[in-house]
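Please look at the sequence and the structure first.

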Amino acid sequence: MKILNKYFLVLVMALISSPVLAGDLLMVRTQQSFPEAMLALQTSVKEHGYEVTRVQRIDIGLTGMGYKTDKYRVVFVGKPSEIQYLINKYPVLAAYMPPQISIFAEHGETVLVTANPLIYAEMIDEEADKVLFRRWESDVYSVFDDVRDADE
Amino acid sequence: MKTFVLLFFLSLSLSAYSAPHGDELFARHCSACHGKDGKGGVGVPIALASFLDSVSNEYLKKTIRHGRPGRIMPAFENLSDAQVGAIVIHIRSWSDKPVPKEDTTVIKGNVANGKKVFAGHCAQCHGEEGVGGIGTGVTFSRKRDLPIIAPALNNAGFLAAASDVMLRDTITLGREGTPMTSMLVAGLSEKDIDDVVSYVRSFEKSAAELKQTLNKNDNEPPVIVMQSPYGLEETVENLKQAITDQNFTLIRTDYLEHGLVPEGSENKKQVVLHFCNFGFLFQALSLDPRVGMFLPCRITVIEKDGKVQISTINPKRLSKLFNNHELDSYCDEMYEVYNTLLEDATL
């Protein structure tokens, strides 16, 4: 029975998750101004059940040191319980947790970039936990779709 | 019940298979760079009549599959054929002219003469030996109204996609609306053009070599990890010292769980140091702002089962994500920095 369940899960995963979509980097560009895009991002992140755990202002440090730059933030996103679980179980993932989304202004538009969460799956060996990253991947796609759709 | 669930998922995924939407796929995978309407951004514009009317669907499909190694354009190896096909159909909706058929006739020109022609008429834009202009397309952080940067011709992805006839047509006709003008009008003879086609084709060997160098980091582990012989606190102090010694600015030291759990209840055995070298950061961001994703630099120190482990991301593995050859030397440099810091702190 257990075995059956496992196969069932694998089969379902194979069907739902494939075709695995390409690109180790996920990106979206929006016509929205930086603050609008930031708001759209944070709203969608919360709607998907994740939390913004920190916003790091990269531009402030740069400007402070005399480098002229446009708005640039790194947003840390995750579900606390999942992040804690992963770091405790796989210290090797710590360097990447919580996952980061960078958001920067570019000529009146705003660009968002993040690593495809599937790259974390290669760092661990338990199939059952890899499922988590597939969900993250599909959620990032969905969050990025929301940010893009906010254009219309 | 099980069978029902299974069937449900089966039908769900089958329908996803059978009807990929080209517009949605383009929006998701291409528009961040090429623009929502394909009019450009990062990378060359696609929705350009002079481009679409001179290349076959095979050229587009192969370009999507192979990407342009080292030139930002990713290789979309995991899309299904149906999805690639749907994207191409979407791209075709930007032109109502007939689609050119792929013609794989081999053109046999004189490579030595082609090389001379190239040096005289092409290298000023496409770079010595066709390595491409510095930056790509209308790169990140470049003004939109600046001229499009000439693509790399000495590139395995481009050469795999382009047939000799496509090369000849592009060189002969140019691409109206871009800096690439008709070389026939510019005064080259048809023979010169054939010769330069053969010269461009002769890049295949060096392009394959470059692709291989780029792939060498594929097997890099995603993290650099070292065990510390010291206790957690001492390791953190050592790292702070090493960071300052290496001329980096320590931004702050936190518990890794900061922001994840209520203040005060963080796991005290998981620490993260944030630091930066603003000059270096600025240079890297100017080249490719996407690298900010892994900034500021972070080192995590974790004590588990009495062992103290230090880890960082591996910039070499990540350079692959960006597929930007111009960034690789920065990633290599960061790799050295991280290694030195970790070694200094665990000495």
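## Where the two domains meet

In this predicted model, 16 residues of domain 1 of chain B are in contact with 13 residues of domain 2 of chain B. Domain 1 covers residues 20–214 of chain B and domain 2 covers residues 216–346. Taken over C-alpha atoms, the centres of these two domains of chain B are 38 Å apart.

The size of an interface is often given as the accessible area lost when the parts come together. For domain 1 and domain 2 of chain B, the area buried between them is about 1,000 Å², with 47% of it on carbon and sulfur atoms. On the side of domain 1 of chain B that touches domain 2 of chain B, the residues are 8 nonpolar, 6 polar and 2 charged. Between the two domains of chain B, 9 residue pairs are in polar contact, counting pairs with both residues at pLDDT 80 or more.

## Chain B as a whole

Chain B has 16 helices and 5 strands. The C-alpha trace of chain B spans about 75 × 65 × 35 Å along its principal axes. Chain B has 347 residues, of which 53% count as buried.

How much of the contact in chain B links residues 24 or more positions apart? Among the contacts with a separation of 6 or more, such pairs account for 68%.

B:Leu239 belongs to helix H13 of chain B, which runs over residues 232–245. Is B:Leu239 buried or exposed? Its relative accessibility is 0%, so B:Leu239 counts as buried.

Which residues does B:Leu239 contact, leaving aside its neighbours within four places in sequence? They are B:Leu273, B:Ile299, B:Val301, B:Ile310, B:Leu341 and B:Ala345.

## Helix H2 and what covers it

Helix H2 of chain B spans residues 22–29, and its buried residues are B:Gly22, B:Leu25, B:Phe26, B:Ala27 and B:His29. In an α-helix there are 3.6 residues a turn, so residues three or four places apart point the same way.

The cover over the buried residues of H2(B) includes parts of both chains. From chain A there is helix H6 (127–149). From chain B there are helix H3 (31–34) and helix H6 (81–92).

Note on methods. Residues numbered from 1 in each chain as written. Chains lettered and ligands numbered in written order. Predicted model: local features only at pLDDT ≥ 70, side-chain atom pairs only at ≥ 80, totals over all residues. Heavy atoms only, no water. Domains from an automatic or database assignment. Contact = heavy atoms within 4.5 Å. Buried area = accessible area lost by both parts, 1.4 Å probe. Polar contact = N/O pair within 3.5 Å; in protein donor to acceptor, adjacent residues only side chain to side chain. Nonpolar A, V, L, I, M, F, W, Y, C, P; charged D, E, K, R; others polar. Helix = DSSP H or I, 4+ residues; strand = E, 2+ residues; numbered from the N terminus. Buried < 20%, exposed > 50% of the residue type's maximum accessible area, 1.4 Å probe, protein only.
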